Amino acid sequence: MAQEFRLPDLGEGLTEAELVSWAVEVGQSIELNQVIGEVETAKALVELPSPYPGVVEELLVVPGATVPVGTPIIRIATDAATGEPPARTPVLVGYGPEAAAESKRARRRPATAPETAYPDGRRPDASPAARLAARERGIDLAVVAGTGPSGAVTRNDVESHTGSAEPSVPSERSDDSETVQRETRTPIRGVRKQTAAAMVRSAFTAPHVTEFVTVDVTRSVELLGRLRDLPEFEGLSVTPLSLVAKAMIVALRANPSLNASWDEENQEIVTKHYVNLGIAAATPRGLMVPNIKEAQSLSLLELCRAITELTATARSGRADPVQLTGGTVSITNVGVFGVDAGTPILNPGEAAILCLGSVDKRPWVHEDELAVRWVTTLSVSFDHRVVDGEQGSRFLSSVAAMLHDPASLLAHL
């Protein structure tokens with residue numbers, strides 16, 4: 001007799017998850033609460049602790065599979081089930097169970113595997129395509145050096161690591177080399193699946209309006225330069241995004257309609273008297289928008305710290321569901337990609353999203369003379385059911401005015 005561990009309810013109404021990887025193998029002795037694998041939900045990457053000590057009898061789900069909550073995923077022979085101490089079967093030649101317990105990650109690699117590319121023992125981030133390529137080739141991602149954002153492993157990294165070697169487990173498509181070279185099919189799972197559904201729902205339910213303004217932000221750039229020299233801001237992300245976020249929060253006080261939502265069921269507009277500021281972040285898992293709770297109460301220093309920590313957490317794939325839900329208004333920064341402006345789609349449940357374009361030196365009329373100034377373009381998309389054109393325009397104009405002359409922000413820093 002054995003105990004079956006079913007995929008638990010991961011909260012936030014999530015009904016399924018993708019099994020990313022196992023951290024244990026059949027025959028391996030495990031302890032209570034030992035991490036046995038990782039699953040990726042539509043919101044976060046989650047480690048699964050074992051509810052039982054014992055011996056792994058069977059892995060019931062293969063990595064890459066998406067299963068509903070409640071599905072049996074692993075069978076564990078426990079002391080209580082067998083009436084005997086579980087057999088401690090070493091699963092890695094040269095390590096044994098005791099040594100393996102010091103590093104769960106290390107036990108998963110064969111003894112002949114090359115040294116890990118991550119001496120600190122962390123598990124690298126990887127795109128879904130990279131994980132698929134690694135599975136097809138029987139490669140542990142821990143040995144592949146990542147070159148993607150924040151060191152994430154990409155499909156090209158996996159292919160470069162293997163060189164011209166054939167996959168150890170050839171895929172069905174490998175027989176058709178021309179097809180493999182001409183197109184790639186990527187299963188839609190996890191964050192990508194959630195993002196796609198959310199964007200479609202938002203685009204076809206909320207009537208979007210987008211407005212633009214181009215503004216001279218030379219004084220803001222100079223202010224940021226001075227802030228970076230202050231010891232209080234050392235190690236923090238002191239960027240135009242931080243200042244724009246602060247200006248946005250201040251502008252919402254006079255324009256609360258942009259910090260609201262549309263309640264279709266009750267036919268009401270719900271105006272929020274707090275700001276949970278969403279920060280759109282491009283991550284190896286796809287677009288994520290974690291939010292800073294109660295951002296209206298933060299100083300600029302605290303806001304810089306919160307943005308730095310939140311984006312780092314999101315890009316590492318460790319943002320939890322609490323950080324990814326409950327946002328009231330969002331900001332996105334396409335300027336980091338060298339893009340002038342964008343027409344962002346609203347996060348479902350929110351009435352506005354501000355977009356920051358690139359901040360560049362451009363020719364500009366300053367004090368009636370042509371000069372080289374730091375200039376950027378801001379845009380705001382809003383739900384026209386909730387926000388009138390006048391309200392949206394006043395909000396955007398207010399943000400632009402504060403960035404043009406950040407002295408008006410001093411009382412709120």
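**Note on the predicted model: cores, helix packing and selected residues**

1. The protein has twelve helices and 19 strands, taken as DSSP runs numbered from the N terminus (helices H or I, at least four residues; strands E, at least two). This is a predicted model, in which local features need pLDDT of at least 70 and side-chain atom pairs count only at pLDDT 80 or more, whereas totals for chains, interfaces and linings use all residues. Residues are numbered from 1 along each chain as its sequence is written, and side-chain values use heavy atoms, with hydrogens and water left out.

2. Of the 413 residues in the protein, 45% are buried; buried means under 20% relative accessible area, exposed over 50%, and partly exposed in between (1.4 Å probe, protein chains only). Among contacts (heavy atoms within 4.5 Å) with a separation of 6 or more, 63% join residues 24 or more positions apart.

3. The largest nonpolar core comprises 49 residues, and L277, I292, L354 and F395 have the most contacts inside it. Such a core is a set of buried Ala, Val, Leu, Ile, Met, Phe, Trp, Tyr and Cys residues joined through side-chain atoms within 4.5 Å. At least two of its residues come from each of α8 (218–228), α9 (240–254), β12 (277–279), α10 (300–315), β16 (329–333), β17 (352–356), β19 (369–383) and α12 (389–404). The most is given by α9, with ten residues. Another core, of 16 residues, lies apart from this one and has L7, I30, V56 and I74 among its members.

4. I292 deserves a separate remark. Leaving aside neighbours within four places in sequence, I292 is in contact with V275, N276, L277, I279, L298, L303, A306, I307 and L310.

5. How do α9 and α10 pack? Their axes are 10 Å apart, at an angle of about 120°; axes are lines fitted to C-alpha atoms, for helices over the stretch in contact, and angles run from 0 to 180 degrees between N-to-C directions. α9 is therefore oblique to α10, given that angles under 35 degrees count as roughly parallel, over 145 as roughly antiparallel, 65 to 115 as roughly perpendicular and the rest as oblique. From α9, L241, S242, L243, A245, K246 and I249 meet L300, L303, C304 and I307 of α10. By class, this contact of α9 with α10 has eight nonpolar, one polar and one charged residues. Here Ala, Val, Leu, Ile, Met, Phe, Trp, Tyr, Cys and Pro count as nonpolar, Asp, Glu, Lys and Arg as charged, and the others, Gly among them, as polar.

6. T78 is in the loop between β8 (72–77) and α1 (79–82). T78 counts as buried because its relative accessibility is 6%. Not counting residues up to four places away in sequence, T78 touches Q3, Y52, P53 and G54.

7. V213 belongs to strand β9 (residues 208–216) and is partly exposed, at a relative accessible area of 24%. With residues up to four places away in sequence set aside, V213 touches T376, T377, L378, L396 and A400. The C-alpha atoms of V213 and L396 are separated by 7.5 Å, although the two are 183 residues apart along the chain.

8. Most residues other than glycine have a negative phi. Q267, however, has a positive phi near 55°; Q267 is in the loop between β10 (260–263) and β11 (268–271) and is exposed, with a relative accessible area of 52%. E294 has a positive phi near 50°. E294 is in the loop between β15 (291–292) and α10 and is partly exposed, with a relative accessible area of 38%.
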